[in-house]
Amino acid sequence: MEGTAATDAGHQRGPRLSKDARPGGRPPGSAQARSSAHARRRGRRENLSGYLFMSPWIAGFLLLTAGPMAASFYFAFTDYNLFDTPQWVGLKNFSDMFADARWQKSVEVTSKYVVIGTPLKLIAALGVAMLLAQSRRGQAFYRAAFYAPSLIGASVSVAIVWRALFTDDAVVDRTQQLFGMNVGGWVGDPDWTLYALVALTVWQFGAPMVIFLAGLKQVPRELYEAAEVDGAGPWRRFWSITLPMISPVLFFNVLLETIHSFQIFGSAYILGGQGNPCGPADATLVYTCYLYQQGFENSRMGFASAMAWMLVVAVGLVTAVLFWSQKRWVHYEETAR
Amino acid sequence: MTLFPRKHTGSLAWHLGALAVLAVVLYPVVWVIGGSFKPGDEIVGSLELLPTDPVMANYTRLSEGIADIPISTFFLNSTVLALGSVGGVVVSCSLAAYAFARIRFAGRNLMFGVMIGTLLLPYHVVMIPQYVLFQKLELINTMVPLLLGKYLAVDAFFVFLMVQFMRNLPKELDEAARLDGCGHLRIYWSIVLPLCRPALITSAIFTFIHAWNDFMGPLLYLNEPEKYTVSLGLKMFVDQGAVADYGGMIAMSLVALLPVLAFFLAFQRYLIDGMATSGLKG
């Protein structure tokens, strides 16, 4: 959920800011009555209070966000091992990176993870949300129960449990055997470990589900009734009513979950178990795992910074494409809530 | 209400459907709770949910600690981190949120835009320079790097959540207070904060759970086992020994999740409603 809001960013910005942009705050009558000098002094006082209240945020932004961003941008063009002075190397980190087989592997693993995991998670979320939306009785209970995995899913605990479920001769393997499949455990097999990670992600569909459910509740019932009178079947109603009506919420979830997926770390690191961080055989070498290894295990801070900026570019591109595409498929209602 | 507007979809069928999905989703949870009472070597291979012959060995094993460090040390460290984070987030984020929602100062819209922008920014791009900074300040192996951001309103999500909440509070209240001569600090403290309780609780609990579950932060900054949080203690458990001791690991995993589950059960309404509205407004 830290990410949850992330996505909101886009469509929040416009309406909210403009709403508050008009000079609120002061009682309308008294404002005109005051002299302009008075108003200016008051404005200055407002500024001062504003900056005082904002001072922790401003300090945090400069010290922990803006400053470090500038520094890592510089490091990206240097050879830096944390102890010696950074040496300028130009674009070498980037050319090394593109030629590095493990970097390519990490891009491949992350892409697969994002492209397979995110849609599956969202489909599960929407499907269960639509099921729950049918009835109000018991909905709160189901909603809470389905949501619980989202709270614990990213923990080391659950990664350990997942490994116990997906290892050889464990629950998943035995269940497969019941159906005559001899795939073996997923964790431990380099071709399958990533899918155990995908399953862990899909398991946490509760967070986007809660958001879908809230969106579904706002779809006016009359629309369905009218469509049904006109002879629209369930499939048609889904495509012509449900989907367009919840498209802002869908957009929010797609953006949020995608950006989040790019940054997965802990579960991927732990899942392979002892002696296999991000493994086996780099099976779950997600981008951030490799970034961590290069920066903190190999002390290649310059290379890792270059990697981090490539991640920013990738996330930025995906965000830009999604925002660009929303004109075509996201329908915002004009009425203010 | 969605696909099938008819009321008579059948309440029983609906419950059966929902329960079937729920059974799949919660199977791992029930399995692992049951498994923690099975003998260590039987856990992994057993599909059964409940132990035939419950044993406490996995839990008593925990009293030995991990690598000679008592489990309580990890729990204490995690508690300090989580509660420290909660305090920071509640104070610093609500101050910033109040400024965004209630004070008209020059540059407010710009700062709001920047804050929203930081929501989308991957942490990894600031991770290395932050590490360099804290290393130069000799703060590695302390909680400071993990806590400082919480006191400096770096968690934009919570600022955002609180701004949304504060904007929906009636402005008449603080306007009346201003006419009575109250300053911003007074209005923030006596009027807005008490009315924001739901948003503060939501933020506090999410912060606690995130800090409790956090793995990457402690992995970067804590490198003496005595300083480890529960997440790192668990990782150490995974790494030690020749054969995976699933009994102990699973028992420890469950114990590690207890605070999170307790908070969830106590406050699930705040958590879920907070989540639900985050995606809707605007």
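# Reading a two-chain predicted model

Author: Chain A has a mean pLDDT of 87, with 88% of its residues at 70 or more; pLDDT is the predictor's confidence in each residue, from 0 to 100. In residues 1-31 of chain A the pLDDT is below 50, and beyond near neighbours in sequence this stretch has 50 contacts in the model. Two residues are in contact if their C-beta atoms, placed from the backbone, lie within 7 Å.

Reader: What should I know about the model and its numbering before going on?

Author: This is a predicted model, in which local features need pLDDT of at least 70 and side-chain atom pairs count only at pLDDT 80 or more, while totals for chains, interfaces and linings use all residues. Residues are numbered from 1 along each chain as its sequence is written, and chains are lettered from A and ligands numbered from 1 in the order in which they are written. The model scores ipTM 0.90 and pTM 0.88.

Reader: Where in chain B is confidence lowest, and where is it highest?

Author: Helices here are DSSP runs (H or I, at least four residues), numbered from the N terminus, and strands are runs of E of at least two. Helix α8 (residues 171-179) of chain B has the lowest confidence in that chain, a mean of 87, and helix α6 (residues 144-151) of chain B has the highest, at 97. Chain B as a whole averages 90, and 94% of its residues score at least 70.

Reader: At what angle do α16 of chain A and α5 of chain B cross?

Author: Axes are lines fitted to C-alpha atoms, for helices over the stretch in contact, and angles run from 0 to 180 degrees between N-to-C directions. Angles under 35 degrees count as roughly parallel, over 145 as roughly antiparallel, 65 to 115 as roughly perpendicular and the rest as oblique. The axes of α16 (residues 301-329) of chain A and α5 (residues 124-136) of chain B come within 8 Å and cross at roughly 155°, so α16(A) is roughly antiparallel to α5(B). Among the residues making this contact are Trp309(A) of α16(A) and Ile128(B) of α5(B). By class, the contact holds 9 nonpolar, 2 polar and no charged residues.

Reader: And which residues meet where α7(B) and α10(B) touch?

Author: Phe158(B), Leu161(B), Met162(B) and Phe165(B) in α7(B) meet Ala199(B), Thr202(B) and Ser203(B) in α10(B). This contact has 5 nonpolar, 2 polar and no charged residues.

Reader: Which peptide bond is cis?

Author: The bond from Gly279(A) to Pro280(A) is cis, with omega near 5°. Pro280(A) lies in the loop between α14 (266-271) and α15 (287-297) of chain A. Ala281(A), in the loop between α14 and α15 of chain A, has a positive phi of about 50° although it is not a glycine.

Key
Nonpolar A, V, L, I, M, F, W, Y, C, P; charged D, E, K, R; others polar.
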